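Biologist: Please take a close look at the ligand and its surroundings in this model, and then at the contact between the chains.

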Amino acid sequence: MIEVKHVSKEFVSPKKYPGLKGAVKGLFSNEKVVKKAVDDISFSIADGEIVGYIGSNGAGKSTTIKMMTGILKPTQGQCLINGIDPSRARKDNAQNIGVVFGQRTQLWWDLPLSESFTILKEVYNVSDEEYEERMKFLNEVLGLPEFFSSPVRTLSLGQRMRADLGAALLHNPKVLYLDEPTIGLDLVVKDNIRKAIKIINEKYQTTVILTTHDIGDIEELCSRIIIIDEGKKIYDGSLEELKDTYGTRRKVSMEVKKQEKLKGLNLAEKLGASHEECRMEFDEENKILSVTFDKHKLQVPQVMNAVMEVTEVKDIQIQETELAEIVKEIYNHGIDGKAV
Amino acid sequence: MKKKLRIYFPFASNELKRQMAYKGAFYLFIFISLFSSFIQYFLWMAIYGSSGDGILGNLTRNEMIVYVFMVYVTSSMVMITISDWVSTDVVEGMIAMNLIKPMDYRISLISRALGQAIYRFLVPGVFIWIGLEIYKVKVLGMQVTGIVNILLYLLSCIMSFLICVLFDFCFGMVAFFTTYIFGMLMAKEALISFLTGQLIPLSFFPGAVQKVFDFLPFSSMVYTPVMIYLGKYNQSQLGFVLARQAAWVVILYVLGSIIWKQVTKRLVVLGG
Ligand SMILES: Nc1ncnc2c1ncn2[C@@H]1O[C@H](COP(=O)(O)OP(=O)(O)OP(=O)(O)O)[C@@H](O)[C@H]1O
Ligand SMILES: [Mg+2]
């Protein structure tokens with residue numbers, strides 16, 4: 001059980017001025033810049049859940065993860081991970097968590113991977129039998145033997161990520177934090193990593209908190225997502241619900257026979273919708289007319305009929321809005337008024 | 001407690017292995033530092049030769065020979081630099097990676113330093129030490145150093161080691177707040193070889209200056225164990241210098257904990 005209660009984090013840094021003159025000025029000035037990276041965020045996560053924690057660049061995802069893992073102390077509020085406050089009892093908390101920061105390794109750069117695992121075995125106090133069992137499992141799902149004796153600095157990004165994930169799981173943590181675990185990976189490795197996360201979650205009931213910019217990760221792994229924007233939580237709920245509520249756009253693409261006939265056609269006006277609720281685009285080369293409309297306002301047959309009244313249609317395609325589109329929309333315009 | 005310390009064992013053993021792997025650089029280090037010891041040796045011999053006095057700064061000519069080379073043995077063993085590990089860890093963000101593990105960052109650094117100290121004790125420490133003892137007895141006609149002195153010397157060395165690494169930890173942490181780490185490192189190196197008595201025995205300084213040195217941790221780093229080895233302290237002095245070393249271990253440990261608290265509070269975990 002993870003409880004995050006009204007957590008905020010402010011970064012205070014000295015104000016910097018440009019140029020050499022500015023550097024000197026900065027030495028003598030006391031001005032501070034305060035950046036509120038996380039602003040009063042609360043949520044709780046039950047055991048065994050996989051939660052996607054998403055938001056645009058700089059939204060405050062990594063900062064939240066750092067507070068939950070005990071690296072940073074919240075300015076206000078409190079995190080409780082299975083009843084332990086990581087900012088108070090960092091080491092106790094560390095024993096129960098696994099962390100992967102995709103951008104950075106937790107392994108010892110100069111040492112062969114095998115040595116890093118030996119160190120971690122001692123650090124987390126993993127017994128010999130447990131170690132054997134866990135390594136067998138990890139070797140299977142992550143394919144570690146391939147590079148087990150190479151120094152970490154010689155590993156490719158994908159190998160390093162698999163190694164890092166393995167290292168985070170060696171002590172069978174109750175909670176796994178993954179900050180962009182699939183960044184920069186090829187499609188196959190990405191797939192393997194996702195599978196591994198899924199298996200681990202099912203087999204050990206590990207709670208997983210995942211930040212990512214890859215919508216594929218979310219669609220394949222997460223049943224629940226939390227979206228934050230500029231440090232504030234703007235959505236917390238199931239993936240389905242998000243799609244239902246915000247995936248309101250549909251797109252109908254029609255290949256038409258006579259494009260001249262489309263001139264002067266204004267679907268929005270004809271169907272009594274606003275321009276926002278019904279948009280037309282025409283691809284001259286392929287003679288394809290795409291209509292994007294609000295599914296609560298208009299129906300597919302209505303749109304089709306309106307077009308077929310003026311010209312013959314050779315082919316039709318209907319698309320639901322993809323999650324990526326929804327998320328992009330939310331990042332761009334916020335969740336306006338519909339906040340949870 | 002025993003189990004708690006066991007988790008740091010791999011850090012020491014890995015550092016030992018790493019040192020063995022970088023043999024080339026290490027031999028160069030031995031060569032250069034031994035070379036400077038020999039320069040000192042010849043310098044002192046010239047000084048003793050021209051002064052006519054048998055005793056300078058409380059040391060006889062023969063004692064000075066022992067001093068120069070025992071300073072070498074001692075300092076190569078106890079003066080382990082960890083501040084550059086600290087700064088690379090800070091720059092590369094490894095500090096954060098250490099914070100997500102159930103371990104103490106400082107103890108892991110000290111364990112690493114211990115691995116290095118053990119290696120330096122094995123090569124070249126003991127060999128030069130034994131060579132020096134043989135030279136002392138065969139050529140200089142002095143007595144072999146007694147077992148009690150050797151044991152007290154080793155005890156003092158352990159505390160010296162702790163003082164050095166604990167001090168250097170604080171130094172590395174403070175340097176982390178200033179932007180000019182390189183300059184500070186240079187200044188530290190120069191000051192330390194002077195203040196520890198590596199360059200000139202501290203007994204050469206005027207009384208008032210020596211009083212000041214007594215209040216600094218540096219004299220406890222190298223000078224104290226070497227003087228113990230030379231048997232220069234009587235019983236009560238011995239108790240005092242050992243107690244002073246122990247006090248410095250405690251003070252620097254506490255100081256380091258306080259600085260560490262401040263640093264982790266203000267830790268800027270880069271990027272991500
Ligand atoms: N140490 C710091 N000092 C000052 N500001 C910081 C610091 N760390 C982060 N920030 C700021 O806090 C905000 C949130 O950063 P954070 O790293 O949490 O973003 P993020 O959601 O992980 O973004 P991304 O998707 O790009 O990784 C950003 O505006 C960032 O500039
Ligand atoms: Mg981030």
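Modeller: In this predicted model, ligand 1 lies between chains A and B. The shell around ligand 1 has 14 residues, and those that come nearest are A:Gly58, A:Lys61, A:Ser62, A:Thr63 and A:His213. By type, the shell divides into four nonpolar, seven polar and three charged residues. Two elements of chain A, β2 (32–45) and α2 (61–69), each supply at least two residues of this shell. The most comes from α2(A), which gives three residues.

Several oxygen contacts can be named. The side chain of A:Asn57 has an N or O atom 2.8 Å from an oxygen atom of ligand 1. For A:Gly60, a backbone N or O atom lies 2.8 Å from an oxygen atom of the ligand. In the side chain of A:His213, an N or O atom is 2.7 Å from an oxygen atom of ligand 1. Taken alone, ligand 1 exposes 640 Å², and the protein buries 76% of that.

Now the contact between the chains. Chain B puts in 27 residues and chain A 29 residues. Together the two chains bury about 2,600 Å², with 58% of it on carbon and sulfur atoms. On the chain B side, B:Ile100, B:Lys101 and B:Pro102 supply 25% of the area that chain B buries against chain A, more than any other three residues. There is one salt bridge between the chains: the side chains of A:Glu115 and B:Lys17 meet at 3.2 Å, N to O. The elements of chain B that give two or more residues to its side of the contact are α1 (2–6), α2 (9–21) and α6 (94–99). That side divides into 14 nonpolar, six polar and seven charged residues.

Definitions and conventions. Residues numbered from 1 in each chain as written. Chains lettered and ligands numbered in written order. Predicted model: local features only at pLDDT ≥ 70, side-chain atom pairs only at ≥ 80, totals over all residues. Heavy atoms only, no water. Contact = heavy atoms within 4.5 Å. Buried area = accessible area lost by both parts, 1.4 Å probe. Salt bridge = Lys/Arg side-chain N within 4 Å of Asp/Glu carboxyl O. Helix = DSSP H or I, 4+ residues; strand = E, 2+ residues; numbered from the N terminus. Nonpolar A, V, L, I, M, F, W, Y, C, P; charged D, E, K, R; others polar. Near = heavy atom within 4 Å. Polar contact = N/O pair within 3.5 Å; in protein donor to acceptor, adjacent residues only side chain to side chain. Areas by Shrake-Rupley, 256 points an atom, 1.4 Å probe, with all protein chains shown as cover.
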